[in-house]
Amino acid sequence: MLGMLLKIAALVIAAQYGVRFFSWLFRKQQRVYFLSPMRQFKMVFWSLLSFWLGGTMLGMLLRDQNVTPLERGIAIGLGTVLFLFALPTLLVHFQYWRHERENALELEKETQTALLLQPGGRYLLNQQLIREITQTVCPSKRFFWSSYQYLTITLTNGQQVKITSLLIDLEQLKALWPRVPYHTKTKWVCFL
């Protein structure tokens, strides 16, 4: 069983380099943003892998009855930890996907505007129409879910719109409006 755990670790290391290579290969600057499969895959890959590895380790205990107590303890401990790290990320990803699945965002860098298209309406976003921006972030950059964050943009008419990191890199969006008041809010897991 220890040999199987080492093979799984080698697979994880190889997968990490594969994901980095493919994300570098398909990276390009664009003007219109919507939920792209590559961006979703890149954000949820480690959680899905962790979920699968946790299930594999716990499943090996059910199939193999000749495990030592040390191997059983390692499999139960690692399987549980992997499940606990993957579950919040998968829940946040599903929530962001539900929020952004029908949205589109078009950026105009020359005029520093963005057009947000949602089923509930169209929002033209520029410095004159935005009262403030609040970014909700995770306190640590080490967890799987730390790349999930969102902006709450408060408009001058009192409306609020939310744009998640699943749709666009939020730093790219914030760079359009450097003079708008900006606040940061911290949550352990950035649920909407």
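## The open sheet

In this predicted model, local features need pLDDT of at least 70 and side-chain atom pairs count only at pLDDT 80 or more, while totals for chains, interfaces and linings use all residues. Residues are numbered from 1 along each chain as its sequence is written, and side-chain values use heavy atoms, leaving out hydrogens and water.

An open sheet of mixed pairing is built from four strands in the order β7-β6-β5-β8. Because β7 (160–164) and β8 (182–186) are at the edges with a single partner strand each, one side of each has no neighbour in the sheet. Direction ignored, neighbouring strands are turned by 20° against each other on average. Strands are DSSP runs of E with at least two residues, helices runs of H or I with at least four, numbered from the N terminus.

## Strands β6 and β7

β6 (residues 150–155) pairs with β7 in the antiparallel sense over five bridges; pairing requires at least two DSSP bridges between two strands. Ile-153 is opposite Val-161 in β7.

## The salt bridge

The whole structure contains one salt bridge, defined as a side-chain nitrogen of Lys or Arg within 4 Å of a carboxyl oxygen of Asp or Glu. Glu-171 and Lys-174 form this bridge, with their closest N and O atoms 3.0 Å apart. The two residues are separated by about one helical turn because they are three residues apart in helix α4 (residues 170–174).

Glu-171 is partly exposed at 45% relative accessibility, whereas Lys-174 is buried at 15%. Buried means under 20% relative accessible area, exposed over 50% and partly exposed in between, using a 1.4 Å probe and protein chains only.

Definitions and conventions:
Axes are lines fitted to C-alpha atoms, for helices over the stretch in contact, and angles run from 0 to 180 degrees between N-to-C directions.
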